[in-house]
Amino acid sequence: MTSTPMRERALALAADAVRDHGQALVALSHSLHAAPETAMQEHKSAAKIADLAENSGFEVTRGVAGLPTAFVGTYGTGDLVVALCAEYDALPGIGHACGHNVNGAASVGAALGLAAVADLTGITVKLLGTPAEEDIGGKALLLEAGVFDDVAAAFMAHAAAEDSVGASSLAVGAWDVLYRGKPAHAALAPWEGVNALDAITLAHTAVGLLRQQLPPGTLVHDVVFEAGSAVNVIPETARARYELRARTTDDLAHARRRVRACLEAAALATGAELELTPRGADFADLQQDEFLTAAYTRAARALGREPVDRRGEVMASTDMGNVSHVLPALHPTIGYDTGGAHHHTAPFARYGNSPGADRAVLDAATALAHVGVELATDAAQRKRCLGLLADRRAAVARMP
């Protein structure tokens with residue numbers, strides 16, 4: 001890519017800004033890690049990030065889109081709006097076992113880096129507080145609420161045991177499942193009852209048998225929350241959650257039809273009533289932008305990192321997938337030593353405030369900020385992203 005004096009100046013200024021805020025960013029990561037909050041309960045976590053942004057000159061609106069722990073911070077007035085997505089929710093019982101303290105602090109750092117060059121590069125920086133990635137999908141809900149309507153490109157980096165670029169993710173959706181039966185004395189008159197535990201057992205078995213015929217990459221997992229309370233009473237209610245993953249949104253829809261049939265069959269066989277409630281938003285498969293991925297790779301290499309190219313491979317699931325189906329998006333992983341531990345485990349969480357994780361916060365922030373600078377100063381790519389935004393707006397305007 002051809003360099004220009006203005007681009008080089010902007011790259012240097014953005015990196016300097018991240019460095020200048022380095023102590024605050026690492027402190028933020030450590031603070032989030034020390035006080036983990038789960039989905040939609042991230043009140044203190046969101047406030048810590050929003051306060052830092054506000055004290056750094058961002059105009060902050062809290063509780064956006066009806067989500068109490070979501071926020072938007074805006075800096076600059078340029079026509080090219082670049083969003084940094086900050087995650088900060090933890091997992092029940094095991095804290096920041098997905099590294100969202102690193103993710104969130106890195107996005108804040110990138111936003112601060114780009115704010116330092118917003119006027120120079122003609123951009124508006126939008127720092128989005130995106131709650132509940134581990135549950136109902138804050139980004140998907142913010143997307144539906146129009147928070148991304150003016151955004152030309154969206155970035156974030158995800159904590160991991162390795163540096164990587166280009167991977168996709170599995171589409172995912174979930175149901176809360178409730179079977180309602182009829183209680184009865186389990187010894188004196190069991191025939192008078194309708195056993196909700198039987199229904200949940202049949203559902204689990206039917207889905208287990210279905211797995212043999214699901215396409216590669218399609219997964220179903222479930223957990224039972226309630227299935228009776230006394231051994232001598234026919235269980236009246238049973239509650240579970242089913243989560244489905246697939247390579248594409250079409251495959252996810254197919255899996256939903258098949259799994260729903262299993263759940264309905266269990267109700268039919270036992271006489272229980274079935275209630276299915278969608279759990280949050282479905283997550284789409286992740287589609288990463290080629291230019292943004294190449295720009296991030298260059299930036300990471302300049303910092304002494306060598307991201308592994310994971311194009312054609314899939315990771316778990318992320319609500320950033322929904323964003324990527326609407327606008328150019330970037331979601332690399334930033335690596336540090338986790339002692340061989342994998343995401344969603346307590347050992348992984350223990351490394352989230354390590355020196356390696358601290359370096360990951362600052363390197364990811366710098367690399368993401370540099371991607372924003374490259375996008376803003378590449379005339380063709382800037383025009384492409386603004387053109388895609390104009391097309392989206394025109395499509396909305398044509399809707400009845």
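1. A quick term before the tour: two strands count as paired if DSSP finds at least two bridges between them, and strands (E, at least two residues) and helices (H or I, at least four) are DSSP runs, numbered from the N terminus. With that in hand, β1 and β2 pair in the antiparallel sense over 4 bridges. Valine 60 has glycine 73 in β2 as its bridge partner.

2. Keep in mind that this is a predicted model, where local features need pLDDT of at least 70 and side-chain atom pairs count only at pLDDT 80 or more, while totals for chains, interfaces and linings use all residues. Residues are numbered from 1 along each chain as its sequence is written, and side-chain values use heavy atoms, with hydrogens and water left out.

3. Now the whole sheet: it is open, has 6 strands with mixed pairing, and runs in the order β1-β2-β4-β3-β5-β15. The edges are β1 (59-62) and β15 (329-330), each pairing on one side only. Helix α4 (residues 100-115) packs on this sheet, touching β2 (71-75), β3 and β4, and its direction makes about 155° with that of β3. Contact here means heavy atoms within 4.5 Å, and angles run from 0 to 180 degrees between N-to-C directions, with axes fitted to C-alpha atoms (for helices, over the stretch in contact).

4. Inside the sheet, β2 and β4 are antiparallel partners over 5 bridges, with valine 72 bridged to leucine 128 in β4. Strands β3 (residues 80-86) and β4 (residues 123-129) are parallel over 7 bridges, and leucine 84 stands opposite leucine 127 in β4. Helix α12 (residues 355-377) lies across β3, β4, β5 (153-155) and β15, at about 165° to β5.

5. Have a look at the helix pair too. Helix α7 (residues 196-210) and helix α8 (residues 249-270) pack at about 145°, their axes 8 Å apart. The contact brings residues of α7, including Leu202, Ala206 and Leu210, to residues of α8, among them Val259, Leu263 and Ala266. By class, the residues of this contact are 11 nonpolar, 1 polar and 2 charged; Ala, Val, Leu, Ile, Met, Phe, Trp, Tyr, Cys and Pro count as nonpolar, Asp, Glu, Lys and Arg as charged, and the others, Gly among them, as polar.
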